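Let's take a walk through this structure together, from the overall fold down to a few single residues. Keep the viewer open as you read.

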Amino acid sequence: DPAQSFTSFVAGPSNEFAYKAAQRFAETGESEIGLLFIHGGFGYGKTHLLNAIALEARNSRGARVLFLRAEDFMRRFLAALRNQETLAFKEELRGADILLIDDLQHICGRTTMSEFLHTVNAFTDLKRKVVIAADRSPATLEGLAEDIRSRLHGAVVIGLEKPDAQTRLAILKSKSAERSEEHTSELQS
């Protein structure tokens with residue numbers, strides 16, 4: 001989503017560390033730290049940060065980016081299994097420089113988690129990056145096998161906190177200005 005860039009992200013005390021880490025992650029290419037895990041409640045900015053990483057990496061250094069919701073990862077993998085196209089599925093995923101997975105909590109405990117772990121390992125072995133977002137930390141995600149939980153604990157794990165009143169007000173002002181600009185553009189068209 002082009003509207004969800006680093007420029008439009010409202011940083012405050014509850015999310016500033018995650019914001020800066022996400023920027024750094026997007027700016028650099030190959031890295032020893034290839035796995036970033038962002039967690040926090042609904043509406044705390046996880047998806048916005050994933051989109052911002054994707055936009056920045058693609059626009060600033062031409063990175064090949066693949067952004068999937070965890071459920072889409074699962075559906076695509078299961079379809080590849082049914083159609084006997086798992087190799088094509090793996091090649092498509094592993095052809096990206098950065099893989100972004102949103103809402104991991106929706107596939108915890110599913111059979112696709114072993115393929116998810118293989119994909120994460122393949123990316124990090126190739127010194128490529130994976131960014132995962134979930135509503136809880138790896139330690140508290142239910143349904144994770146121990147090997148996956150252990151792998152995710154090796155990530156840079158950053159929690160987003162509920163925005164304070166000042167940050168929420170800044171977010172509202174930003175959204176209002178964005179909508180006002182959209183409305184003005186529609187009227188001019």
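A residue is called buried when its relative accessible area is under 20%, exposed when it is over 50%, and partly exposed in between, using a 1.4 Å probe and protein chains only. This is a predicted model, in which local features need pLDDT of at least 70 and side-chain atom pairs count only at pLDDT 80 or more, while totals for chains, interfaces and linings use all residues. Residues are numbered from 1 along each chain as its sequence is written, and side-chain values use heavy atoms, with hydrogens and water left out.

Start with the whole protein. It has seven helices and five strands, where helices (H or I, at least four residues) and strands (E, at least two) are DSSP runs numbered from the N terminus. Read from that end, the order is α-β-α-β-α-α-β-α-β-α-β-α. The C-alpha atoms fill a box of roughly 50 × 40 × 30 Å along the principal axes. Buried residues make up 43% of the 189. Of the contacts (heavy atoms within 4.5 Å) with a separation of 6 or more, 78% join residues 24 or more positions apart.

Now look at the loop between strand 3 (98-102) and helix 5 (113-125), where you will find Gln 105. Is this residue buried or exposed? Gln 105 counts as buried because its relative accessibility is 16%. Beyond its neighbours within four places in sequence, Gln 105 is in contact with Ala 133, Ala 134, Asp 135, Arg 136 and Leu 141. A polar atom of the Gln 105 side chain lies 3.0 Å from the backbone nitrogen of Asp 135.

Asp 103 sits in the loop between strand 3 and helix 5 as well, and has a positive phi of about 60° although it is not a glycine. Most residues other than glycine have a negative phi. Lys 127, in the loop between helix 5 and strand 4 (129-134), also has a positive phi, near 60°. With 31% relative accessibility, Lys 127 counts as partly exposed.

Finally, go to helix 6 (residues 146-153), which holds Asp 147. Asp 147 counts as partly exposed because its relative accessibility is 47%. Its C-alpha atom is separated by 28 Å from that of Phe 17, 130 residues apart along the chain.

Key
Polar contact = N/O pair within 3.5 Å; in protein donor to acceptor, adjacent residues only side chain to side chain.
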